[in-house]
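Reader: I would like a close look at a single part of this protein, taken slowly and with the contacts spelled out.

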Amino acid sequence: MPLRFTIRQLEYFVAVGEAGTITQASEKMHVSPPSISAAITQLESAFGVTLFVRQHAHGLSLTQAGKRMLTQVKLILYESNHLVDLASDISGTVRGPL
């Protein structure tokens, strides 16, 4: 079964989960609020679960499913970053702070 989500969507999900609002997440990620909102909606559709309870004047809060997914998504993002590091090591690309 092909993946129905992107790493970027997962990053947006974590940003909203940690910030509690789409506005704060969009500022952190340097993208528009509609882009974040669309990504969350697409993730919910792909996973078939509601990740957030929308509280119009009070932002969003994670559902129980969202809390469980957030933990796993953080691990996936950590591993995907490790994969990039591994590829750099294999190719001999110089990286790191100056």
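Which residues of the largest nonpolar core touch the most other members?

Author: In this predicted model, the largest nonpolar core has 19 residues, of which Phe-13, Val-16, Ile-36, Ile-40, Phe-52 and Val-73 touch the most other members. At least two residues of this core come from each of H1, helix H2 (22-29), H3, strand S2 (59-62) and helix H4 (64-91), and H1 gives the largest share, with six residues. In soluble globular proteins, nonpolar side chains tend to be buried together.

Turning to how two of these helices pack, H1 (residues 7-19) and H3 (residues 33-47) cross at an angle of about 105 degrees, their axes being 9 Å apart. The two helices are therefore roughly perpendicular, since angles of 65 to 115 degrees count as such. On the H1 side the meeting residues are Gln-9, Leu-10, Tyr-12, Phe-13 and Val-16, while H3 brings Ser-35, Ile-36, Ala-39, Ile-40, Gln-42, Leu-43 and Phe-47; by class, this contact has nine nonpolar, three polar and no charged residues.

A polar atom of the Ser-26 side chain lies 2.8 Å from the backbone oxygen of Thr-23, and, leaving aside neighbours within four places in sequence, Ser-26 is in contact with Val-31, Ser-32, Pro-33 and Ile-36.

How values were computed:
Residues numbered from 1 in each chain as written. Predicted model: local features only at pLDDT ≥ 70, side-chain atom pairs only at ≥ 80, totals over all residues. Heavy atoms only, no water. Axes fitted to C-alpha atoms, helices over the stretch in contact; angles between N-to-C directions. Helix = DSSP H or I, 4+ residues; strand = E, 2+ residues; numbered from the N terminus. Parallel < 35°, antiparallel > 145°, perpendicular 65-115°, else oblique. Contact = heavy atoms within 4.5 Å. Nonpolar A, V, L, I, M, F, W, Y, C, P; charged D, E, K, R; others polar. Core = buried A, V, L, I, M, F, W, Y, C linked by side-chain atoms within 4.5 Å. Buried < 20%, exposed > 50% of the residue type's maximum accessible area, 1.4 Å probe, protein only. Polar contact = N/O pair within 3.5 Å; in protein donor to acceptor, adjacent residues only side chain to side chain.
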